[in-house]
Amino acid sequence: MSATTAMPAKKLEILKLAFERFYDGGFHATGIDSVMAESGISKRTLYKYFPSKEDLIEAVLDYYGEGIADAYFAPALAADSDPRAQILACFDSRRVMLEADRRGCLGVRASQEYAGKHEGIAARGERLGYYVEQRFIEMCARFGAADPSALGKQIAVLFQGALVMAQVCRNSDPFASATLAVGTLLDNAARAGRA
């Protein structure tokens, strides 16, 4: 069971609302009044569940992190049993998501906005990046790479780099380039494994 399913309904409502507002406007630029605007939820109720804005942001990042596995990896793993195809499908899955919602990665935003300013928030952003990296390492191990850690880290850099560039360029074209590069890395790893 995820942490959100055991959460009181009002707390989850605040969390989902804050998630959308912070995702749209950024963490620093979005104040608590903006988060609560038009919600009908009092500040007293908000502070009952989240004693500070930083506590709310940490909860939002935890909530976002729970959804990453379902959003990026579950569809790719379910679509094909071949590890190479699964890795490439992760790039396609994220590209499609970005085309539907161009807000990018909330974990990257948190790392950027809170580096050196709030350890708990910045650490959550970093953990999301490491989670993505670890999933690629696991897939590279199933792929049979001689060094799944090195290959998985390279793929994660291409994945995160494509995401950032897609945000900057405001289109998903960087994912096409990253996918080609990942295909080359996988082909080279497969050849090295046969040698």
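Me: How do the residues lining the largest pocket divide into nonpolar, polar and charged?
Reply: This is a predicted model, where local features need pLDDT of at least 70, side-chain atom pairs count only at pLDDT 80 or more, and totals for chains, interfaces and linings use all residues. Residues are numbered from 1 along each chain as its sequence is written, and side-chain values use heavy atoms, with hydrogens and water left out. Ala, Val, Leu, Ile, Met, Phe, Trp, Tyr, Cys and Pro count as nonpolar, Asp, Glu, Lys and Arg as charged, and the others, Gly among them, as polar. The lining of the largest pocket has eight nonpolar, two polar and four charged residues.

Me: Which element gives the largest share of the lining of the largest pocket?
Reply: Helices are DSSP runs (H or I, at least four residues), numbered from the N terminus. Two or more lining residues come from each of α1 (9-25), α4 (53-79) and α5 (83-100). The largest share, six residues, comes from α4.

Me: How much space lies in the second largest pocket?
Reply: A pocket is an open set of points on a 1 Å grid over the protein atoms alone, where a 1.4 Å probe fits, with protein on both sides within 12 Å along at least five of seven lines; lining residues have an atom within 4 Å of a point. Grid points are joined across faces, edges and corners, and a volume is the space filled by probe spheres set on the points. For the second largest pocket this comes to about 180 Å³.

Me: Which element gives the most to the lining of the second largest pocket?
Reply: At least two lining residues each come from α4, α6 (106-114), α7 (119-143) and α8 (148-169). With six residues, the most comes from α7.
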